[in-house]
Amino acid sequence: MTQATEDQTAAVGGPATEALAAREAAALLPVYRRQPVALEEGHGVWVSDAEGRTLLDFLSGLSVVNLGHAHPEVAATVASQAARLVHTSNLYYTEPQVALAERLQRTLGWPDAKAFLCNSGAEANEAALKLARRHGRQRDPGKTRVVALDGGFHGRTLATLATTGDPGKHAPFQPLGDWVTHVPHDDPQALADAVDDDVCAVWLEVVQGEGGVRPLSADVRAAAAEACARHDALLVADEVQTGVGRLGHWYGFQGTELEPDVVCLAKGLGNGLPIGAIVARGEAAAAFGPGDHATTFGGGPVVAAAACTVLDVCERDGLVAGAAQRGARLRAGLDDLAAQRDDCDHARGQGLLQALALTGPHAAEVTARALARGLLVNAVAPDAVRLAPPLVVTDHEVDEGLARLTAALDDVAAHASHPDATTPEEP
Ligand SMILES: *Cc1c(COP(=O)(O)O)cnc(C)c1O
């Protein structure tokens, strides 16, 4: 191990992290590949770990804490609502749930749309799948199929996993049924060919998040809209990652010509509190009746009130337009890296959801080196690093993140020229 490598890896982990990792290994199912850091506190774009280090969070959790960590107004809303009423079940009316649905109507620009509130992105997609199937079967009992895109990510329950376009994630859990047809994410003709009268919905993300930060082309969007109109299928926009300002629009589809029938929301909606939602309009909003779907916790007073505060703060502080501006600055920096460095290929994404594509499969190594440099990013693909800072990120913090990323790329390059050095563990 070279001295330089020793110094960088020594900056990650530590005794407190190792002790926690050992307790976790003895007590939790091992489904997560953790980075060697234990986070304890966060303020704005910054988090601190159990070893007392401070890190710049350029992932926002996972595109979740759009207002930054420990936002004081969200904290105040949670505290006051928790002291008044936390849970009632959905047997009774509660005002925050209605107030949130009204804010969703307003920000979507869909005054007649109707929401269903749940607890996560997978539950939002699950609700939308049931809504689409119900809507289809009301037209024809055979109208039950879904068309989705390769690389799309829609959740990990069995039905949302079946909709997710990643055969590797399917394999261990087969059978998942054969009611979903996946088509390439960049082939409008294949999409058009896959939709017939048996299809109840077409599923898409305006920018595929987990699939590598891949914006859909205008041709694919147009093919989806056209096929849905021709075959009376619902167009479902999974905006779990792209919604609530991240792409520089309230919702990503608003930056396109798409007019989805249903949107799925979650990640950024509660600034870290577990909440999901679907919003349906037109005939899609008429498909569910009493008893067709339900959830014990969904739309509970605390999370619904918190989400109202999130949307109010976004609106008052101009965070949606801010995401477009800060996103442009981040993107310009990533474009510069791609232009100047042999190890970087291109940048892609929109607003504050960006990826730096590398020329080789080194994203895990860059992510590990970035962590050692005090920057949280992730390897969204073997050759692509995702950057999705909170919408409240300042110009100065964007520049600081880019500087730390550049240092991490330099560390990887230096390591590659010292082949005897040890690679940090792949996440
Ligand atoms: C994260 C994500 C989901 C799943 O959300 P969970 O809250 O993890 O269930 C679904 N769709 C998209 C687009 C996502 O990014």
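Q: Which strands does helix α12 lie across?
A: In this predicted model, helix α12, covering residues 319-340, lies across β13, β14 (353-358) and β17, and the helix runs at about 165° to β13.

Q: And what sheet is that, in what strand order?
A: That is an open sheet of 4 strands, in the order β13-β14-β17-β16, with antiparallel pairing. At its edges stand β13 (344-350) and β16 (378-381), each of which pairs on one side only. On average, neighbouring strands of this sheet are turned by 30° against each other, direction ignored.

Q: How many bridges join β16 and β17?
A: There are 3 bridges between β16 and strand β17 (residues 384-387), which pair in the antiparallel sense. As for individual residues, Asn378 stands opposite Arg386 in β17.

Q: Back to the helices: at what angle do α12 and α14 cross?
A: Their axes cross at roughly 25° and come within 10 Å, which means that α12 is roughly parallel to α14. The crossing of these two helices is right-handed.

Q: Which residues make that contact?
A: From α12 the contact takes Arg326, Arg329, Leu330, Gly333, Leu334 and Leu337, and from α14 it takes Asp395, Val398, Asp399, Leu402, Leu405, Thr406 and Leu409. Sorted by class, the contact of α12 with α14 has 7 nonpolar, 2 polar and 4 charged residues.

Q: What about α13 and α14, how do their axes cross?
A: Helix α13 (residues 363-372) and helix α14 (residues 395-416) have axes that come within 8 Å and cross at roughly 120°, so α13 is oblique to α14. Here α13 passes α14 in a right-handed crossing.

Q: Which residues meet there?
A: On the α13 side they are Glu365, Val366, Arg369 and Ala370, and these meet Leu405, Ala408, Leu409, Asp411, Val412 and His415 in α14. By class, the contact of α13 with α14 is made up of 6 nonpolar, 1 polar and 3 charged residues.

Q: Changing topic, what is the strand order in the sheet with 7 strands?
A: Those 7 strands form an open sheet in the order β4-β12-β11-β10-β7-β5-β6, and the pairing is mixed. The edges are taken by β4 (114-118) and β6 (180-183); each has a single partner strand, so one side of each is left without a neighbour in the sheet. Direction ignored, neighbouring strands of this sheet are turned by 20° against each other on average.

Q: In what sense do β4 and β12 pair?
A: The pairing of β4 with strand β12 (residues 276-280) is antiparallel and extends over 5 bridges. Within β12, Ala280 is the bridge partner of Lys114.

Q: Which strands do helices α5 and α6 touch or lie across?
A: Helix α5 (residues 95-108) lies across β4, β11 (262-265) and β12, and runs at about 125° to β4. Helix α6 (residues 121-139) packs on the sheet, where it touches β4, β5 (145-149), β7 (199-204), β10 (234-238), β11 and β12, and its direction makes about 155° with that of β7.

How values were computed
Residues are numbered from 1 along each chain as its sequence is written. This is a predicted model: local features need pLDDT of at least 70, side-chain atom pairs count only at pLDDT 80 or more; totals for chains, interfaces and linings use all residues. Side-chain values use heavy atoms; hydrogens and water are left out. Two strands pair if DSSP finds at least two bridges between them. Axes are lines fitted to C-alpha atoms, for helices over the stretch in contact, and angles run from 0 to 180 degrees between N-to-C directions. Contact means heavy atoms within 4.5 Å. Angles under 35 degrees count as roughly parallel, over 145 as roughly antiparallel, 65 to 115 as roughly perpendicular and the rest as oblique. A crossing is left-handed if the near helix is turned anticlockwise from the far one by less than a right angle, and right-handed if clockwise. Ala, Val, Leu, Ile, Met, Phe, Trp, Tyr, Cys and Pro count as nonpolar, Asp, Glu, Lys and Arg as charged, and the others, Gly among them, as polar.
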